[in-house]
Amino acid sequence: MKTRILGYVALAAVAAVTAVALFVVPSDRNQGDAQRIMYPHVASAWLAYLSFGVTALAGIGWLWKRDLRLDAVAHAAAEIGVIFTAFAIWGGMMWGRPIWGVFWQWEDPRLTTTALLLMLYVGYLLLRRLTDDPERRATRAAIVGIVAAIDIPIVHFSVEWWRGLHQTATIGSPDRVLDPAAPMAFVGTLLGTLGAFTLAWLYLMIRRYQLARAEVAREEARRLDRLMSARTAAVAR
Amino acid sequence: MSTLRAEARIALAVARKDALAELRGRHATVSTLFFAAVVLLLFGLALGPDAARLAAAAPGLLWLAVVFAGILAVNRLHLLETDDGALEQLALYPVARRAIYVGKALGGFAVMLLLGVLVLGAVGVLFAVDVAKAWLPLLVTVVLGAAGVAAVGTFYAGVTVRLRAREAMLPLLMLPVLAPLLLGAVKASAAALAGDPFDELGAWLQLLVAFDVIMIVAGMATYGYLLEDG
C-alpha cells in the first residue's frame with residue numbers, strides 16, 4: 001500500500017516537472033527548446049550512476065553476507081540503471097542533432113563513456129540470464145558488477161584524456177546550467193526534475209526488487225517440483 | 001615476507017603448469033596467432049590499398065588485432081581447466097586464491113606477450129610502419145598492454161568458462177572493460193611511432209600502468225569467489 005502511494009506521488013511529481021520543463025520555464029536563449037531535453041537527460045544520467053553504484057555495493061554485500069536479498073537489490077538496480085542509461089543516451093542524441101548537427105559526437109567524452117557504460121551493464125544482465133543456480137548467479141554478477149563500477153572512472157578519465165590532449169572543451173556543455181550565474185528558474189527546474197525522477201527510481205527499485213524475489217522463489221519451487229516428481233517416479237517403479 | 005614468497009612460488013607453479021600444457025598442446029598460441037593474422041589481412045582489405053591511410057591506422061589495427069586475438073587466447077587457456085574437473089582440483093588446493101589468479105594471469109601474460117610482439121612485427125611488415133625505429137617504447141607498450149589483457153581476460157574467462165554461451169559472453173563482458181587499455185595502448189603506440197612530438201608517451205604509459213595495477217588488484221581480490229562458487 002505504501003509502495004502504491006509512493007508510485008502515485010512519483011507519477012504526479014514526474015508529470016509536474018515535465019509540465020514545468022516544457023511550458024513554464026523559459027527556453028535557453030542560444031539553444032531554444034532543445035535545451036529542455038537537458039532536464040530529464042541530466043536526471044537520467046544521475047540515476048544511471050546511482051543505480052550502478054547500488055549494484056556494486058549490493059554485490060559487495062552479497063559476497064560478504066551471502067544474503068540473496070542483496071543480490072535481488074543488485075539485479076533490480078542494474079536493470080533500472082540500463083533503462084536510465086539508454087534514456088540518457090537517447091536524450092543526448094536528440095539534443096545533439098539540432099545543436100551539434102549530428103546524433104553522435106566523438107568529441108564529447110561523456111557520450112562515448114555512457115555508451116560503454118551501457119555495454120558493461122547489458123553484459124551484466126545477459127550474464128545473469130545465462131546462469132541458473134541462484135547463488136552462482138549472485139556471485140558471478142556481484143564480481144562483474146564490482147569490476148564494472150571500478151572500470152567506470154578509468155573509462156571516463158581515459159576517454160576524456162583521449163579527446164582532451166589536443167582539443168578544448170566542447171560547446172554547449174549542459175552542466176553550465178548549474179553555474180551560479182544561471183537563472184534560478186533553470187536551476188530550480190533541474191533540481192525538481194532530479195527529485196521527481198529519483199522518487200520514480202525508488203518506486204521502480206522497490207517493485208523490481210519484489211519481482212526479483214518472486215522470480216527466485218518460483219525458480220526454487222520449480223526445482224523442488226522436479227526433484228519431487230523424479231523421486232515419485234523412482235518410487236513408483 | 002615469507003607468505004609473499006610462498007604465494008609467489010604457488011603463482012609460478014600454476015603459471016609453469018599452464019605454460020607446460022601450452023607447450024605440449026599449443027591450444028592457445030597457434031590458433032590465436034593465425035586468427036590475429038587473418039584479422040590484420042582483413043583490416044588491410046577493409047582500409048587499403050592506400051598505403052598512407054594504412055600506415056596512419058596501424059596503431060589502432062595493431063591493438064584491435066591483439067585484443068581480439070587475446071579474447072581467444074584467454075578463453076582457450078581457461079577451457080583447459082574445464083576438462084576432467086581440473087578447475088575443481090585447482091579450487092581444492094589449500095593455498096591463497098590470489099596466488100592461483102596471479103599464476104593463471106602470468107600464463108596468459110606469456111601468451112599475450114608472444115602474440116603482441118609477433119603482431120607488432122606483422123604490422124610493421126604489412127602496413128610499412130618502421131617499428132624498429134621506436135622499438136623500446138613500443139615494446140614497453142606491448143608489455144603493459146599484454147599484462148592488462150591477461151589480467152582482465154583471466155578474470156572474465158573465469159566468469160564465463162562454465163557458461164554454454166561463453167564464446168559470445170566473454171567478448172561482450174571484456175571489451176568494454178578493456179576500452180581504457182585500448183585507448184592508452186593505441187595512443188602510446190602512435191606517439192612512439194611519430195617520435196613523440198607532443199611529449200605524451202609517458203602519460204599514456206602511466207595510464208596503462210594504472211589500469212594494469214587496478215585490474216590485477218581487483219582480480220586478486222575477487223578470483224577466489226569465482227573459484228569457490230562462480
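1. Basis. Residues are numbered from 1 along each chain as its sequence is written, and chains are lettered from A, with ligands numbered from 1, in the order in which they are written. Because the model is predicted, local features need pLDDT of at least 70 and side-chain atom pairs count only at pLDDT 80 or more, whereas totals for chains, interfaces and linings use all residues.

2. Makeup of chain B. Chain B has eight helices and zero strands, where helices (H or I, at least four residues) and strands (E, at least two) are DSSP runs numbered from the N terminus. The radius of gyration of chain B, taken over C-alpha atoms, is 18 Å, close to the 17 Å that the globule rule (2.2 Å times the number of residues to the power 0.38) gives for 230 residues, so chain B is as compact as a globular protein of that length. The C-alpha trace of chain B spans about 55 × 40 × 30 Å along its principal axes.

3. Contact between the chains. In chain B, 23 residues are in contact with 24 residues of chain A, contact being defined by C-beta atoms, placed from the backbone, that lie within 7 Å. On the side of chain B that touches chain A, helix H7 (166-193) and helix H8 (201-229) of chain B each supply at least two residues, and the largest share, ten residues, comes from H7(B).

4. Helix packing in chain A. The axes of helix H3 (residues 68-100) of chain A and helix H4 (residues 109-129) of chain A come within 9 Å and cross at roughly 150 degrees; axes are lines fitted to C-alpha atoms, for helices over the stretch in contact, and angles run from 0 to 180 degrees between N-to-C directions. That angle makes H3(A) roughly antiparallel to H4(A), a term that applies to angles over 145 degrees. Residues of H3(A) including A:His75, A:Val82 and A:Gly92 meet residues of H4(A), among them A:Leu111, A:Tyr121 and A:Arg128.

5. A glycine in chain A. A:Gly61 lies in helix H2 (residues 38-65) of chain A and is partly exposed, with 17 other C-beta atoms within 10 Å; a residue is buried at 20 or more such atoms, exposed at 12 or fewer, and partly exposed in between, with C-beta atoms placed from the backbone. The C-alpha atoms of A:Gly61 and A:Ala142 are separated by 8.7 Å, although these residues are 81 residues apart along the chain.

How values were computed:
Contact = placed C-beta atoms within 7 Å. Parallel < 35°, antiparallel > 145°, perpendicular 65-115°, else oblique.
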